[in-house]
Amino acid sequence: MKKNLLGNTGIEVTAAGFGVLPMGPSQLALPLEEGAAILRHALDRGIRFIDTAQYYNTYPYISKALEGCTYDDIVLCSKSLCADYEGMMEAIREAQAAVDREVINIFLMHEVRPGQMEERSGAWQALIDAKAQGLVRAIGLSTHHVDITEQAASMPELDVVFPLINYAGLGIRRGDAFASVTEMEQAIEACKAAGKGVFGMKAFGGGSLTVHYQQALDYAFGLSALDSVMIGFGKTREVDDLMDYMEGRMDPGYNPDVSEKKVYVNQEDCEGCGACKAACPAGAIYWNDNGLAEVDHTKCLTCGYCSPVCPVRAVIMY
Ligand code: SF4
Ligand code: SF4
């Protein structure tokens, strides 16, 4: 697969990356062997850029997939929500131990929101120190926010940015409001111009755009400022579909069968605002005992109306 230099990091990444989140306990909860086999299949087919996070609890899949693996060009990215110095340092040590690597290629502040760079300055300093100590090679942040992506462009120590981008603009935020695709494109271009490495997340908008598979990929891979596009996989067939697309062998009329997919609310992300409940035409969203939204699959029409209105992309389809 084609590779690109990730900004000024000197790290080469494949144009498509493997997001490990979907196979993990918060989504498909695949058995270890099954998940690892999917990841290994993707590595064998040429996808050599892996994204995970401390809170995904997916290191065991990666470790298993890397057993006996001789590829020397695999780039691993992880990230942590920790706000303080020691928490971030521990997150890096945890990743190193879990995947048995002395150096994690890329480590990020996970899902940074407006105002948080100040609140999480301890964690950021930890990443700067970890890079100086050779524990990680590149540091940066992931975000759904245009304003944070803009800020990233002018952060001297920051090497890489992992922003949310998709053709429909699902989930793109500025402050407390939604923002446009154009705004995020411009912020990404500013990062690229500043020498940052940029790879995009949620090309399918959390699953809502999978029915427009090729349109979603055409858009994401058509963004010249993106060095890579991270795609979440939970099935071998999904890896093969992507490879067909990347290698130009996909029927222009093809879209994957999403009839078995269901809509869920990610309980880690839901803020209980009620926007999805108000948008649901089927009365399929209810409050659980934690005061958070959940979907009643006996009522859900999989119409997708709830997904775009969620301010934190907690409504997902898999
Ligand atoms: S997909 Fe449609 S029916 Fe299902 S929970 Fe969302 S808005 Fe309601
Ligand atoms: S819109 Fe999102 S954050 Fe708000 S209640 Fe629904 S799932 Fe939770």
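At what angle do helix H1 (residues 32–44) and helix H2 (residues 59–66) pack, and how far apart are their axes? In this predicted model, the two helices pack at an angle of about 55 degrees, and their axes lie 8 Å apart. The protein chain has two parts, domain 1 (3–246) and domain 2 (263–317). Here is a short tour, beginning with the helices and ending with the ligands.

**Helices H1 and H2**

- Two packed helices are described by the angle between their axes and the distance between the axes.
- The crossing of H1 past H2 is right-handed.
- On the H1 side, the contact is formed by Leu 32, Gly 35, Ala 36, Leu 39, Arg 40 and Leu 43.
- Their partners in H2 are Pro 60, Tyr 61, Ile 62, Lys 64 and Ala 65.
- Sorted by class, this contact has 8 nonpolar, 1 polar and 2 charged residues.

**Helices H6 and H7**

- Helix H6 (residues 146–153) packs with helix H7 (residues 181–193) at an angle of about 15 degrees, and their axes are 8 Å apart.
- Because angles under 35 degrees count as roughly parallel, H6 is roughly parallel to H7.
- H6 passes H7 in a crossing that is left-handed.
- H6 brings Val 146, Thr 149, Glu 150, Ala 152 and Ala 153 to the contact.
- From H7 come Glu 183, Met 184, Ala 187, Ile 188, Ala 190 and Cys 191.
- The class count for the contact of H6 with H7 is 8 nonpolar, 1 polar and 2 charged residues.

- Domain 1 gives 11 residues to the contact and domain 2 gives 10.
- On the side of domain 1 that touches domain 2, you will find 2 nonpolar, 7 polar and 2 charged residues.

**Around the ligands**

- Ligand 1 is surrounded by 14 residues, and the closest are Cys 280, Ala 282, Cys 300, Cys 303 and Cys 306.
- The shell around ligand 1 consists of 12 nonpolar residues and 2 polar ones, with no charged residues.
- Ligand 2 has 14 residues around it, of which Cys 270, Cys 273, Ala 275, Cys 276 and Cys 310 come nearest.
- In the shell around ligand 2, 11 residues are nonpolar, 2 are polar and 1 is charged.

Methods
Residues numbered from 1 in each chain as written. Chains lettered and ligands numbered in written order. Predicted model: local features only at pLDDT ≥ 70, side-chain atom pairs only at ≥ 80, totals over all residues. Domains from an automatic or database assignment. Contact = placed C-beta atoms within 7 Å. Nonpolar A, V, L, I, M, F, W, Y, C, P; charged D, E, K, R; others polar. Near = placed C-beta within 6 Å. Axes fitted to C-alpha atoms, helices over the stretch in contact; angles between N-to-C directions. Helix = DSSP H or I, 4+ residues; strand = E, 2+ residues; numbered from the N terminus. Parallel < 35°, antiparallel > 145°, perpendicular 65-115°, else oblique. Left-handed = near helix turned anticlockwise from the far one by under 90°.
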